[in-house]
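The sequence and the structure are shown first.

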Amino acid sequence: MLGGAGILVGVAAGPAQAAEVSYATRCVPPAASGLDPVEGTTKVEITAPPTASVGDEVTVVWKFTQAASKNPDLIDLPANSVQPSGTLKAAGAQTADLAMQGPRENPAIPKGGAMVLSDMKGTLKLTAPGKVTLTPDAYSINAFSTDTKCAPTQTVEPAATIEVTASSTTPSSTPTTTPSTTPSTTPTTTPSTTPSTQPTGSSSASPSDSGQTDFTGKEVSVPYACKTPIGDKNATSPVQIDAKKNGGSFDLTVQFKKSVMDSPADIPADSVKPSMEVALGGSDKGTVHVEGPTNSQAIKSGDPIEIPDLTGTYKPGASGRSTLSPGVLTIMALGTTTTCTPTKSEVSLTLDTTQQAGGASGGDSSGSSGNSGSSSGGASGGLAQTGADDHGMLRALGLVAGTVILLGGAIFTFMPHRRTR
């Protein structure tokens, strides 16, 4: 779908050389797109130093001068939404597969427009004297969490050659790189993640108290399964359900302690609308609809897509002890609908309830009746039937015109990040 080729820039001893190679390419879009494979011509310019020594670590740049295909007539691709990656083959004096990747940088690309892909870079450490040839191979184009796979359909000629001499600069390079990377990564990541998660997950609902009106639910870790036309997405997010007594009913607030994934593209204000069906159990049955406001501000590419507090009113349909668990989450955005279903249920809040006229679907009201409004947390219970499959269903994604696209489900699939409250 998003055909193109790679770029290689050289960083090493000696002035860089640039050479272009052209080859027939077959690009295969994701199966769910319904698009046929594209046959085209890729033109790649490889830049690398003409000479270097054993032990040198050289930087190679892969530049796309012509993509193998255009953007299909499905959607406009926003700026900075496309990222290329690929493999460069080193042969001759040494053999290696050099991983190449470019930044997610591109101008806005309209439907049917020519693909514009960023330069890809990779580094190669030279290990033997002699001639080392560099040849572009397969590559992928990533947009909105989908990959289009492109591969040569003919033998590709080398695009650059490095003459490697026997003198080595290995001692000066190796010690500098290795120590600086390892220490800085490990200490930073481990301490910051563990402390912030542990205390949060230990929260529990406040104990039962006669005459109580505010009830704090337990924060529970909910595994979500989101099925999209481009593949399954799974992630876990802490969720908490709180309640405030309002007559015989309860005003609910559902809080997500982590946001969804970083946005892969600019999203306009007032275009993302989240909602959830809170699952009832125990004495009561059915669901309670809660929803949040749309995003008040535009979301820039790379910024987190956060779920605001979701609110709604629970009118009990039975007397007894009723449980509330996080249920199916729905996010509507840009004309698409994404649905994520818990694969495992855990109760966040338990309430002593009194049946109200026109309340929830109800159940066996013979459960223990008590003062309406007392609560306890941490009870175990199963997820009430919500009408979804055992593993949930992600509704088909489409434009207003009904065209199935690759955008909707991929953007809003759960990819948790810590939320600042």
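Cys-27 and Cys-150 form a disulfide in this predicted model, with their sulfur atoms 2.2 Å apart. The structure holds one disulfide. This bond joins distant parts of the chain: Cys-27 belongs to strand β2 (residues 17–28) and Cys-150 to strand β10 (residues 146–152), 123 residues apart. The link of Cys-27 and Cys-150 is right-handed, with 115° about the S-S bond. Cys-27 and Cys-150 are both buried.

**Aromatic pairs**

A pair of aromatic rings is described by the distance of the centres and the angle of the planes. The count of aromatic pairs in the model comes to six. Two of these pairs involve Trp-62 and are set out below.

| Pair | Centre to centre | Angle between planes | Arrangement |
|---|---|---|---|
| Trp-62 and Phe-64 | 6.0 Å | 50° | tilted |
| Trp-62 and Tyr-139 | 6.2 Å | 75° | edge-to-face |

Through ring pairs, Trp-62, Phe-64 and Tyr-139 are linked into a cluster.

Phe-64, like Trp-62, is buried.

Ser-53 is placed in strand β4 (residues 51–54). Its relative accessibility is 14%, so Ser-53 counts as buried. The side chain of Ser-53 is in polar contact with the side chain of Thr-165, at 3.1 Å. The backbone of Ser-53 also takes part in an approach of polar atoms: its nitrogen lies 2.8 Å from a polar atom of the Asp-56 side chain.

Asp-56 itself is located in the loop between β4 and β5. Why does Asp-56 count as buried? The reason is its relative accessibility of 9%, because buried means under 20% relative accessible area. Asp-56 and Leu-126 are 70 residues apart along the chain, while their C-alpha atoms are separated by 5.6 Å.

**Positive phi angles in loops**

Asn-80 is not a glycine, yet it has a positive phi of about 55°. This residue is found in the loop between β5 and β6 (82–92). With a relative accessibility of 33%, Asn-80 counts as partly exposed.

Asp-270, likewise a residue other than glycine, has a positive phi near 60°. Asp-270 sits in the loop between β16 (258–259) and β17 (272–282). Its relative accessibility is 55%, and Asp-270 therefore counts as exposed.

**The chain as a whole**

The protein chain contains two helices and 24 strands. It has 421 residues, of which 46% count as buried. The accessible surface of the chain comes to about 18,400 Å², and 52% of that area belongs to carbon and sulfur atoms. What share of the contacts between residues at least 6 apart in sequence joins residues at least 24 apart? For the protein chain, that share is 75%.

**Confidence of the prediction**

The mean pLDDT of the protein chain is 74, and 67% of the residues reach 70 or more. Confidence is highest in strand β19 (residues 310–314), with a mean of 96, and lowest in strand β1 (residues 7–11), with a mean of 34. The pLDDT is below 50 over residues 168–209, a stretch that has 45 contacts in the model beyond near neighbours in sequence. Residues 362–421 also stay under 50 in pLDDT, and the model has 184 contacts for them beyond four places in sequence.

Key
Residues are numbered from 1 along each chain as its sequence is written. This is a predicted model: local features need pLDDT of at least 70, side-chain atom pairs count only at pLDDT 80 or more; totals for chains, interfaces and linings use all residues. Side-chain values use heavy atoms; hydrogens and water are left out. Helices (H or I, at least four residues) and strands (E, at least two) are DSSP runs, numbered from the N terminus. Buried means under 20% relative accessible area, exposed over 50%, partly exposed in between (1.4 Å probe, protein chains only). Contact means heavy atoms within 4.5 Å. Accessible areas come from the Shrake-Rupley method with a 1.4 Å probe; for residues, only the protein chains shown count as cover. pLDDT is the predictor's confidence in each residue, from 0 to 100. A polar contact is a pair of N or O atoms within 3.5 Å; within protein, one must be able to donate a hydrogen and the other to accept it, and residues adjacent in sequence count only if both atoms are side-chain atoms. Rings of Phe, Tyr and Trp (its six-membered ring) pair if their centres lie within 6.5 Å; planes under 30 degrees apart count as stacked, over 60 as edge-to-face and the rest as tilted. A disulfide is a pair of cysteine sulfur atoms within 2.5 Å.
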